[in-house]
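Have the structure open as you read.

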Amino acid sequence: MRKSTFTKTALTLMALGVFASGAMAAGDEQANDSVQYQLTLADYLKIDATTQDQTSTVTFGENYSSISIDSAMTGTFSVISNASSKVLYLQGTNTVSGAQALYSNDGDATDDLHIVFTKVGGVAADGDVTNAASSAPSKASNKDAISFKIQPTVSHAENSASGITPAWDNEKKQVAYTMKNGTGTYSYLISGSADNNTFSTHDSSGTYQATLTLTNTSL
Amino acid sequence: MKRNILTSLILITAVLTSTVKAYGTVDVRQRLLTSAEPAVAIQKLSENNQGVIDPATGTHGGLSASFKITTNSDDSGYDYFLTSMTPTSVPTSAFADIGGLKAIVFVNVENEPTYQDIERAKMGNKLNKNCIAYPITMNIESPMTLEYVPENPFYGNIWQIKTNGGESSNLLQTVGGTPITSTYNIAQDSSGTYQAVVTFTAIAK
């Protein structure tokens, strides 16, 4: 388009009000238009058990009155989450179907967290697990069920300032961790002697087992 | 010229007032003059402005927009440029040059990054929580040209257009789908909506 033609066209269109929207007007100081780009980043959560299944032999105390773990067992989970707030749950199970193996009698999920192991193929029933997890266990009432203390260590490298405070849910027998986005390492050490009155001759020889699960699904 | 006008007026007066029969012709001419003022129009022609980021990689399918600029003025009449100010409480330019790669920084509008995070993202520094930089390319039809101009006093980093005598050209901008290394980190960048706004402006000098 030659300039003279363009000018004539522009003047004609202006006279007709075509540019009244402000898209183009003679003598205008300014014209502009914009594009707003928008990208949606969905929630992402990855939980990996970074340690293999942990096993240890145990040593009996004098007169079969106590038992202690020979090799400390540590289960570790690594977590990556991009949600600004995400709740993870630590849950415990053992060989007794439906039993809630994790417990904290004083509600402190850091300093008073325990788990009940039960014998694979043993006679423990839900009541035995419940008794072992009680504040006053009775040896005769927790057959093939032995409780040990868990020492948790939770770190959150990229978001340490926010901290992660565990919350014990006594109704659902699980620990809740509310984490901001970032990566986290959740480690659980089980070592030392069994909890008082949860080991006795009522516990027959064999393999005792418990499972810790870290998940974003509440019980 | 004055003399001619005077003559014409006398003649017109004579024609209008004289009752004497005239024996000649009177030729009155009027010259019409007008001027074309500078004019400019900028119109967005198309946009592909929505996308979804893969959390694992930070990639998306690519975005784009096109604009049309029409002007009867040359580069002395207007400044033509593209700006992108972050939609944050302390706005700053979202355009960047990261290691020679032209980029645009998207920010999380639900978890607003700090000014420092944005500036670090523009430098390719990995401490850029809730900012993600993607490559951006700009192309404009000849004879118009554009170039990246850093640190404009008013708008920070901008893209400046020269019309070079052209009167109408289309501009296409494309946002690449792969984040610039170190600006996306799944552990830093929280889920939500990331946004960038590009404005094409012509302003009279």
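Start with the largest pocket: 34 residues line it, and those nearest its centre are Gln54(A), Met73(A), Phe117(A), Tyr208(A) and Ala210(A). Keep in mind that this is a predicted model. The elements of chain A that put two or more residues into that lining are β4 (58–60), β5 (67–81), β8 (113–119), β9 (145–155), β12 (182–193) and β13 (208–215). The top contributor is β5(A), with 7 residues. As for space, the largest pocket holds about 790 Å³. Here's how its lining splits by class:

| Class of lining residue | Count |
|---|---|
| Nonpolar | 18 residues |
| Polar | 14 residues |

Now over to chain B. You'll find 2 helices and 11 strands there, and from the N terminus they go α-β-β-β-β-β-β-α-β-β-β-β-β. Of the 205 residues in chain B, 45% are buried. Its accessible surface is about 10,700 Å², with 54% of that belonging to carbon and sulfur atoms. Among chain B contacts with a separation of 6 or more, 71% link residues 24 or more positions apart.

Is Ala133(B) buried or exposed? Ala133(B) counts as buried because its relative accessible area is 0%, and the cut-off for buried is under 20%. Leaving aside residues up to four places away in sequence, Ala133(B) touches Ile98(B), Ala103(B), Ile104(B), Val105(B), Pro179(B), Ile180(B) and Thr183(B). Take Ala103(B): it lies 30 residues from Ala133(B) along the chain, yet their C-alpha atoms are 6.1 Å apart.

Key:
Residues numbered from 1 in each chain as written. Chains lettered and ligands numbered in written order. Predicted model: local features only at pLDDT ≥ 70, side-chain atom pairs only at ≥ 80, totals over all residues. Heavy atoms only, no water. Helix = DSSP H or I, 4+ residues; strand = E, 2+ residues; numbered from the N terminus. Buried < 20%, exposed > 50% of the residue type's maximum accessible area, 1.4 Å probe, protein only. Contact = heavy atoms within 4.5 Å. Areas by Shrake-Rupley, 256 points an atom, 1.4 Å probe, with all protein chains shown as cover. 1 Å grid on protein atoms, 1.4 Å probe; cavity = no way out; pocket = protein on both sides within 12 Å on 5 of 7 lines; lining within 4 Å. Points joined across faces, edges and corners; volume = space filled by probe spheres on them. Nonpolar A, V, L, I, M, F, W, Y, C, P; charged D, E, K, R; others polar.
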